[in-house]
Amino acid sequence: MTSRLQITADDKATFDREGFLMVSQLLSPPEVQLLEQIARRDREIESAATARSDAAGGQTVLAVRDHLSDDMFSAIARCQRVAGSMQSLMGEEIYHYHHKLMLKEPRVGGAWEWHQDYGYWYNYGCLFPRMASCYIAIDRAGRDNGCLQVIPQSQQLGRLEHGKVGGQTGADEARVDQILKRLPLLHVEMQPGDALFFHGNLLHRSDQNRSEHSRWSLICCYNARSNNPYEVIRHNGYQPLEMIGDDDVLTAGTNQWNALTQT
């Protein structure tokens with residue numbers, strides 16, 4: 001089973017050094033168009049979604065799913081170009097930790113404070129930061145609608161202390177201020193279908209969406225088998241991940257869309 005995306009030694013070196021790897025058009029235009037249609041039509045997402053407030057009172061809606069099913073979101077999380085590429089970047093067997101839709105709506109979509117994903121996951125029984133995510137843009141993401149911001153190489157700092165910042169959990173603000181004096185800040189502007197693979201300790205955030213355009217995304221999160229939680233507090237313990245072919249993504253999406261439009 002081959003993937004449309006082949007991770008090279010240079011790709012892995014970039015990921016290890018910078019803490020992330022940017023991939024253009026990980027999803028094809030037909031795939032991302034179908035994903036966008038399904039995301040906006042699927043009522044299960046609406047019922048599972050919760051809102052998180054930022055320090056200024058803005059809200060971002062988050063729909064988290066721990067289980068894999070036969071839908072398009074799960075197919076993306078299981079396909080070779082996402083899961084297989086992540087396994088190559090991490091250099092060991094991985095499994096599906098969870099996946100989530102991030103729904104940042106026009107004019108009201110809230111900011112995300114500076115944080116590391118492992119800043120959360122550390123508290124869920126995971127001893128090592130052998131964890132990473134693949135962020136896939138459903139909508140165009142730019143500075144105007146609150147695109148992702150990252151601090152390259154910040155994964156090398158190790159886990160920072162996290163505490164309450166507004167209605168969220170964020171990294172120590174005083175320490176982040178000092179980090180930004182030594183490391184650069186990168187705005188990750190993306191087109192629909194672009195993806196960012198990033199380490200669980202990479203510092204990242206986003207601004208509020210004050211534009212007229214939504215900024216939706218799908219984020220697939222993975223843990224290393226060797227980092228199986230000593231206690232499953234939230235999300236998944238190790239379960240073998242059965243990867244699927246890249247062509248299966250469009251098939252799963254078509255089947256899901258047909259089921260949604262027939263009800």
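Which residues does Q155 touch, not counting residues up to four places away in sequence? The first legend answers this. The model is predicted: local features need pLDDT of at least 70, side-chain atom pairs count only at pLDDT 80 or more, and totals for chains, interfaces and linings use all residues. Residues are numbered from 1 along each chain as its sequence is written, and side-chain values use heavy atoms, with hydrogens and water left out.

**View 1. Q155 in its loop.** Q155 sits in the loop between strand 7 (148-150) and strand 8 (162-165). Helices (H or I, at least four residues) and strands (E, at least two) are DSSP runs, numbered from the N terminus. Q155 touches F15, D16, R17, E18, G19, H199, N201 and L202, not counting residues up to four places away in sequence. Contact here means heavy atoms within 4.5 Å. A polar atom of the Q155 side chain lies 3.1 Å from the backbone oxygen of R17. Q155 counts as buried because its relative accessibility is 9%. Buried means under 20% relative accessible area, exposed over 50%, and partly exposed in between (1.4 Å probe, protein chains only).

**View 2. L185 between helix 7 and strand 10.** L185 lies in the loop that runs between helix 7 (173-179) and strand 10 (186-188). With 41% relative accessibility, L185 counts as partly exposed. Not counting residues up to four places away in sequence, L185 touches W114, Q149, V150 and L180. L185 and I151 are 34 residues apart in sequence, and their C-alpha atoms are 5.0 Å apart in space.

View 3. Helix 2 (residues 29-41) has 13 residues. From first C-alpha to last, helix 2 reaches 18 Å, close to the 18 Å expected at 1.5 Å a residue. The expected span is 1.5 Å times one less than the number of residues. The buried residues of helix 2 are E31, V32, L34, L35, I38 and A39. They cover an arc of only 160° around the axis, so they lie on the same side of helix 2. The arc is that of the directions from the helix axis to the C-beta atoms. An α-helix has 3.6 residues a turn, so residues three or four places apart point the same way.

**View 4. F73 in helix 4.** F73 lies in helix 4 (residues 72-78). At 1% relative accessibility, F73 counts as buried. Leaving aside neighbours within four places in sequence, the contacts of F73 include L35, I38 and A39. Other contacts of F73 include I45, H99, L101 and L218.

**View 5. Two positive phi angles.** Most residues other than glycine have a negative phi. Q25 has a positive phi of about 50° although it is not a glycine. Q25 lies in the loop between strand 1 (20-23) and helix 2. Q25 is exposed, with a relative accessible area of 58%. H235 is not a glycine either, and has a positive phi of about 65°. H235 is found in the loop between strand 13 and helix 8 (247-261). With a relative accessible area of 11%, H235 is buried.

How values were computed. Polar contact = N/O pair within 3.5 Å; in protein donor to acceptor, adjacent residues only side chain to side chain.
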